[in-house]
Amino acid sequence: MCDTIYNLFMTTNTYVDPNATIETHWRSIVLLGKNTASYKFALAKTLLELPRQQSLIRIDELALPFALNICEHLKLNDKQHTGSTNSFLDECRKFNLKEISENDLREASIKNGFTYVIDAFHNVVGAVSPRFFDDSRKNDNGITLTDNFYNLFETEQKFNFRYEVEARWRLWETAITLKINPRLLDLYVDGDGETIFVRNESNRRVNVTSAKHAIAGYQRGKCFYCYGSINIERENGEVCHVDHFFPHMLKQFNFNNVDLVWNLVLTCSDCNNGKSGKFDLLPDKKYLSQLFKRNNFFIESNLPIRESIMKQTGSTSSERKSFLENFDQNALSIQPHRWRPMILRGEPI
Ligand SMILES: [Zn+2]
């Protein structure tokens, strides 16, 4: 791994763990932390989509695709900022209404789209992540992609990143909108574990995002049990499965909350329902602490998964630990058989 990852940007009491992978650093930028606007998601998505032949990307090249990504999201959700007014977002709305041209949108984006996001992109919950681009606005009026960014595309996870950004963006904007009515801030997952949805004021289901896209980054893009790398979209090879950690069949025995995000993990097809797959068995006890850890990682993500997991499994670390242990004990009274994979395909999550 390249040296620039370890260019530490130390503040007084935080430092970058030298064992963290470049994928983890990228995900910490996209998946964790508080966001007051969607610009970080828009910039991450745009960078993943742009051609990478040249490491210098001028602001006038970045401006339009960046703004168009925001325009697309404004169509899905008009709230892209926690504040009340924002002149750049107003220009994007005008573009969606065909009141201004693409060229006007580009100009608005050059002028106001990057005021904070380039400086703030690498700030992650009280620390600074290794850089995926350098700020070259002073001399070259652009940003320069670093080796760290290029290294992302050398990893097995390279196809997953853009889906993860999109899922995180959808969850964030939904939460920002529903914050108007916190009672509604609850995430549901449909019976087959494919889609995360919320219920609006009229109790109608509103689909938010694919569960696979939303979960993958929080278990480092690996199968929860055998640790092999997984794909979250069919186009890139065999697609992963959504597994109920505590099996779905427990529902028949009045275990009512097995369909919620805290209990869903992604697995390879072998582990889920292959020849020696898990099916309806309970996972080996060692995976209980891994589930606890994965759910804590969700909690670092802030709105809305954080709130949802805490509501479902407990607001403190010790409450969540006992919740899982009690659930396991109760499940054991129905299902006495445990399961673990025959082979491990990677390092633990
Ligand atoms: Zn597996």
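So, let's start in the middle: the largest nonpolar core has 80 residues, and Ala44, Cys92, Cys223 and Leu266 are the ones with the most contacts inside it. By nonpolar core I mean a set of buried Ala, Val, Leu, Ile, Met, Phe, Trp, Tyr and Cys residues joined through C-beta atoms within 7 Å. Buried is 20 or more other C-beta atoms within 10 Å of the residue's own, exposed is 12 or fewer, partly exposed is in between, and the C-beta atoms are placed from the backbone. Helix H9 gives this core its largest share, ten residues. Helices here are DSSP runs of H or I with at least four residues, strands are E runs with at least two, and both are numbered from the N terminus.

Before I go on, the caveats. This is a predicted model, so you know: local features need pLDDT of at least 70, side-chain atom pairs count only at pLDDT 80 or more, and totals for chains, interfaces and linings use all residues. Residues are numbered from 1 along each chain as its sequence is written.

Now, domains. The chain is divided into domain 1 (3–152) and domain 2 (183–339), with bounds that come from an automatic or database domain assignment. The C-alpha centres of the two domains lie 30 Å apart. How many residues of domain 1 are in contact with domain 2? Eight, and they meet seven residues of domain 2; contact means C-beta atoms, placed from the backbone, within 7 Å. On the domain 1 side, the touching residues divide into three nonpolar, two polar and three charged.

Leaving aside neighbours within four places in sequence, Cys223 is in contact with Gly228, Ile230, Leu266, Thr267, Cys268 and Cys271.

On to helix H1, residues 22–31. Eight of its ten residues are buried, so H1 is largely enclosed by the rest of the structure. The buried ones are Ile22, His25, Trp26, Arg27, Ser28, Ile29, Val30 and Leu31. What do they pack against? Helix H2 (39–49), strand S2 (123–124), helix H8 (147–152) and helix H9 (161–178). Just after H1, Gly33 takes a positive phi of about 90 degrees.

Two helix pairs next. The axes of H4 (87–96) and H5 (102–112) come within 10 Å and cross at roughly 170 degrees. Axes are lines fitted to C-alpha atoms, for helices over the stretch in contact, and angles run from 0 to 180 degrees between N-to-C directions. H4 and H5 are therefore roughly antiparallel; the cut-offs are under 35 degrees for roughly parallel, over 145 for roughly antiparallel, 65 to 115 for roughly perpendicular, and oblique for the rest. H4 brings Ser87, Phe88, Glu91, Cys92 and Phe95 to the contact, and H5 brings Leu105, Ala108 and Asn112. That's five nonpolar, two polar and one charged.

The other pair is H12 (286–299) and H13 (305–313), packing at about 135 degrees with axes 7 Å apart, and therefore oblique to each other. Asn295, Phe298 and Ile299 of H12 meet Ile305, Arg306, Ile309, Met310 and Thr313 of H13.

Most residues other than glycine have a negative phi. Asn141, though, has a positive phi of about 50 degrees. Asn141 sits in the loop between H7 (137–140) and S5 (142–145), and is partly exposed, with 13 other C-beta atoms within 10 Å. Phe279 has a positive phi too, near 45 degrees, and is found in the loop between H11 and S11. With 13 C-beta neighbours inside 10 Å, Phe279 counts as partly exposed.

Ser276 is in the loop between H11 (269–273) and S11 (282–283) as well. Buried or exposed, that Ser276? Exposed, with 12 other C-beta atoms within 10 Å. Ser276 and Pro341 are 65 residues apart in sequence, yet 7.6 Å apart C-alpha to C-alpha.

That's me done.

Key. Two residues are in contact if their C-beta atoms, placed from the backbone, lie within 7 Å. Ala, Val, Leu, Ile, Met, Phe, Trp, Tyr, Cys and Pro count as nonpolar, Asp, Glu, Lys and Arg as charged, and the others, Gly among them, as polar.
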